[in-house]
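Welcome, and thanks for taking a look at this one with us. Here is a short tour, with the main points grouped by topic.

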Amino acid sequence: MKRPPVASINTVAKRLVGRSDLLISRKSVRDSLVSLAGLIGRPVVDPDGREIGRLVDVVVRHGEETYPPVTGLIVKVANRKSFINGARISQLTPSSITLSSTKINLEPFSRRPGESLLDADVLDHQIVDVDGLRVVRTSDLYLAPFNKEVRVVGVDISFVSFLRRLFPGSLSRRPTPDHVIDWASVASLMDSHGVVRTSGTRSALSQLRPADLADLIEDLAGREQGALIEMLDPDLAADALEEMEDDELEGLLRGLSAERSAELLSRMEPDESAEVLRDLDDEHRESILNAMESATAKQLRQLVSFDEEVAGGIMTTHILVVKSTVTVADALQLLVENRERESSDGVLVVDSKGKLLDHIQTVELIAVDPQSLVSELIAKPFPTAVTIDTPIEEVVEEFSNNRGSSIIVIDEKNKPIGRILADDLVDALSKNRGRFSQSGVTRS
Amino acid sequence: MTQVTIPSGRKLRIAAFLAVMGPGVIAGLSDDDPAGITTYSQLGAQFGYRLLWVLVVSTIALIVFQDLGARIGVVTRQGLIGLVRQKYGARAGSFSAVALILANLGTMTAEFAGVAAAGQLFGISRYWTVPLTGFFISALVLRGTFKKAERVFFILSAVFISYIVAGFMSHPHWGAAIHGMVVPSMPFNRDAINIATATLGTTLAPWGLAFIQSYAVDKRLTRADLKLLRADVWVGSALTGIIGFFVIVTCAATLNHEHITNITDASQAARALQPLAGTLAKDIFAIGIIGAALLAASILPLSTAYSVSDLTGSPAALDDKFDEAPLFYLTFAAITVVAGGLIMIPGVSLIWILISSQILNAILLLPLLAYMFGISRDKKLMGEFVAGKRALILYGAIIALVAICVLSQFWFIFNL
């Protein structure tokens with residue numbers, strides 16, 4: 001990914017507060033907390049107490065360490081912004097920063113990868129509160145000396161702390177440790193490479209339901225959305241994407257690279273991916289498809305080409321097909337290998353030419369001798385099948401006549417090519433109803 | 001076999017437009033509130049068709065900044081006040097929010113006053129109309145879903161047609177009207193500059209700007225909707241101007257023609273219309289005021305609640321339940337109750353509340369426009385939607401115009 005490294009999103013998991021190894025719970029750290037918001041604009045002085053300049057921003061580096069160290073200060077000296085190396089800090093108080101030597105190199109600041117500016121990039125910005133399942137704003141950040149370096153140790157999202165900052169003078173700088181969340185329970189994703197991978201918070205994110213995650217993603221905008229997606233395990237991200245509104249998803253994909261989009265779409269159910277791809281413009285769709293494995297791309301291309309109003313347009317192509325000559329054990333093996341997919345409730349049995357013979361439920365396979373042949377299980381009732389170009393209305397009719405949980409889609413040679421599950425049909429119908437009722441356009 | 005008729009492309013486009021439509025039309029038309037109608041009536045009554053061009057300029061400014069607000073809302077997914085806090089700091093955000101709350105409280109009082117005055121035209125006491133209005137808007141927002149509330153806003157918007165009807169009934173001089181629209185002329189006196197500033201200020205209201213952005217966020221509009229949303233904003237803002245036009249020509253054709261220039265509120269304009277354009281014209285005009293007040297009185301507390309939630313970073317959505325977004329609903333209730341309560345105090349003089357809220361709106365408008373200007377050119381926030389050079393020049397020109405108006409009005413206020 002070629003996006004420039006930039007601070008974009010932080011994630012808070014309050015349920016991790018209370019862990020005994022947290023820095024904030026140590027008395028020495030609690031007593032030396034310095035409010036970042038209060039520190040901005042305060043003097044930076046040399047060892048003799050002479051003012052060098054005023055603090056503009058604090059630069060931190062995100063890396064392996066849990067508590068990001070301060071790598072430098074941006075200081076306004078004689079109306080010019082200069083960078084002072086963080087190693088020069090000798091003392092940090094809530095109202096000033098003292099440097100260790102009188103000789104100071106003032107360099108122009110340029111952001112290195114993995115670095116972020118606390119005031120410009122994090123303070124007052126939106127962060128994801130995993131515990132509360134919502135997007136909140138950072139009211140303050142806390143710095144404290146630890147392990148020979150000044151580090152970010154905590155974040156504050158309370159409104160009380162926000163109000164405190166409005167007061168003049170030293171009142172605005174007084175720390176309010178009761179509201180501080182330890183940085184260890186904050187995963188901050190500072191660039192698109194995901195430099196910070198605080199295990200705790202990643203797992204907190206992974207415990208969310210896909211639907212909640214989808215809501216969180218929808219609450220964020222472009223760059224932050226991308227950052228949150230990057231942070232997630234691809235399978236979980238794909239699950240969350242399936243739960244998102246079509247429009248939202250379309251906007252989200254526009255912000256992701258073709259490779260990342262391809263990866264996510266490949267992991268989604270094919271019918272869902274096809275539905276999204278269908279709405280994209282040709283150029284964008286092709287760039288994503290070209291970044292996919294060719295087999296997946298081919299399958300999706302075919303799905304995309306079907307009209308949404310017919311069976312082919314809403315089916316999933318993920319089906320498990322076995323020849324009638326294989327053993328029950330082989331069929332079960334195939335099911336086990338594909339247990340993650342929602343369409344794995346049975347196998348489709350075909351003859352030597354690939355024509356559909358029957359749909360055999362997993363339960364039926366378990367009940368017989370594993371060494372018997374699948375062909376022995378073929379019996380009435382035979383599954384309902386429709387062709388690709390069957391209109392949705394007829395599919396609905398078939399469903400209500402047969403009361404099954406799925407319908408098989410076959411091509412003109414009677415070969416099974418996909419399945420329509422009841423939930424696909426519900427999606428297709430509710431989508432249409434939503435669109436048409438708003439406009440008053442009725443279908444004849 | 002059942003035949004599925006796939007809607008034609010045109011039908012689909014209209015359907016999509018209707019689904020996205022709302023923020024622009026609602027935000028725009030709620031700027032034509034009783035205070036706005038009063039201002040337009042004064043402009044027409046005092047200066048006839050001559051200052052119609054001021055309305056044209058105001059409408060253009062409205063289109064440009066509502067369009068920008070909608071774009072910022074969709075791209076950043078954040079309301080204006082939240083973005084101000086993020087980009088300009090805690091104090092700037094809080095100042096904007098507090099000023100907005102106070103100004104909105106004053107404007108809300110004016111909306112209730114509008115309802116009360118228009119109700120009195122039909123002989124209904126304010127002790128009935130004001131509580132009923134408060135009850136209506138609270139029920140609308142507290143009980144309904146986003147979709148239901150939006151539908152009611154739309155129905156209220158339809159009331160504005162009454163101004164167009166009243167306009168035609170007054171038989172205006174169309175030629176003079178068009179001349180006044182396209183040929184700018186400005187009498188250099190205090191009244192003219194005051195009314196021009198008031199027109200610009202009532203059309204381009206701070207709460208409207210904050211509202212469109214938050215509403216687009218709440219409606220979860222995406223970049224894919226942006227084209228349609230902009231169409232909606234343009235239509236809404238243009239409608240605002242068109243309604244204003246008809247109010248002005250109605251008053252120009254009747255009140256100005258008969259040299260009735262001392263109009264102090266919209267209901268007075270309605271009453272003055274009666275002998276000139278008939279009882280029906282008066283009633284239609286009065287119904288328009290009630291509808292306008294109801295719409296604005298629904299939007300104002302909503303805009304305030306969005307802004308407060310936005311500042312604190314707490315959830316704010318019409319579809320949220322009370323315990324999911326307590327701050328949002330409490331702000332809404334507080335604004336409604338306090339403003340309604342002020343109106344109900346017997347014998348209270350509201351004039352200072354109305355004037356001070358107008359001044360506050362004027363003070364607030366400039367920094368808000370400047371913040372929007374700054375946000376629009378922030379690449380980090382706006383990404384590919386960052387404003388180009390031409391757009392920035394346009395924004396800058398409008399801000400300069402607003403600055404001139406606001407400063408000259410202050411000059412007149414403090415040189416009384």
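How many helices and strands does chain A have? Chain A contains 18 helices and 21 strands. Please keep in mind as you browse that this is a predicted model.

**Chain A overall**

- Of the 444 residues in chain A, 43% are buried.
- Taking the contacts in chain A between residues at least 6 apart in sequence, 65% link residues at least 24 apart.

**A three-stranded sheet in chain A**

- Chain A has an open sheet of three strands in the order 19-20-21, and its pairing is mixed.
- Strand 19 (385–387) and strand 21 (416–421) of chain A are the edge strands; each has a single partner strand, so one side of each lacks a neighbour in the sheet.
- On average, neighbouring strands of this sheet are turned by 35° against each other, direction ignored.
- Strand 20 (residues 406–410) of chain A runs antiparallel to strand 21 of chain A, and five bridges join the two.
- To find your way along this pairing, you can look at A:Ser406, whose bridge partner in strand 21 of chain A is A:Leu421.

**Two packed helices in chain B**

- Two packed helices are described by the angle between their axes and the distance between the axes.
- For helix 7 (residues 126–143) and helix 16 (residues 326–344) of chain B, the packing angle is about 175° and the axes are 10 Å apart.
- Because angles over 145 degrees count as roughly antiparallel, helix 7 of chain B is roughly antiparallel to helix 16 of chain B.
- Helix 7 of chain B contributes residues including B:Arg126, B:Tyr127, B:Val130 and B:Pro131 to the contact, while helix 16 of chain B contributes residues including B:Tyr329, B:Phe332, B:Ala333 and B:Thr336.
- Sorted by class, the contact of helix 7 of chain B with helix 16 of chain B comprises 11 nonpolar, four polar and one charged residues.

**A closer look at B:Phe373**

- B:Phe373 belongs to helix 17 (residues 351–376) of chain B.
- Is B:Phe373 buried or partly exposed? B:Phe373 counts as partly exposed, because it has 18 C-beta neighbours inside 10 Å, whereas a buried residue needs 20 or more.
- Leaving aside neighbours within four places in sequence, B:Phe373 is in contact with B:Tyr395 and B:Ile399.
- B:Phe373 and B:Ala339 are 34 residues apart in sequence, and their C-alpha atoms are 32 Å apart in space.

Notes:
Residues numbered from 1 in each chain as written. Chains lettered and ligands numbered in written order. Predicted model: local features only at pLDDT ≥ 70, side-chain atom pairs only at ≥ 80, totals over all residues. Helix = DSSP H or I, 4+ residues; strand = E, 2+ residues; numbered from the N terminus. Buried ≥ 20, exposed ≤ 12 C-beta atoms within 10 Å, placed from the backbone. Contact = placed C-beta atoms within 7 Å. Axes fitted to C-alpha atoms, helices over the stretch in contact; angles between N-to-C directions. Parallel < 35°, antiparallel > 145°, perpendicular 65-115°, else oblique. Nonpolar A, V, L, I, M, F, W, Y, C, P; charged D, E, K, R; others polar. Pairing = 2+ DSSP bridges.
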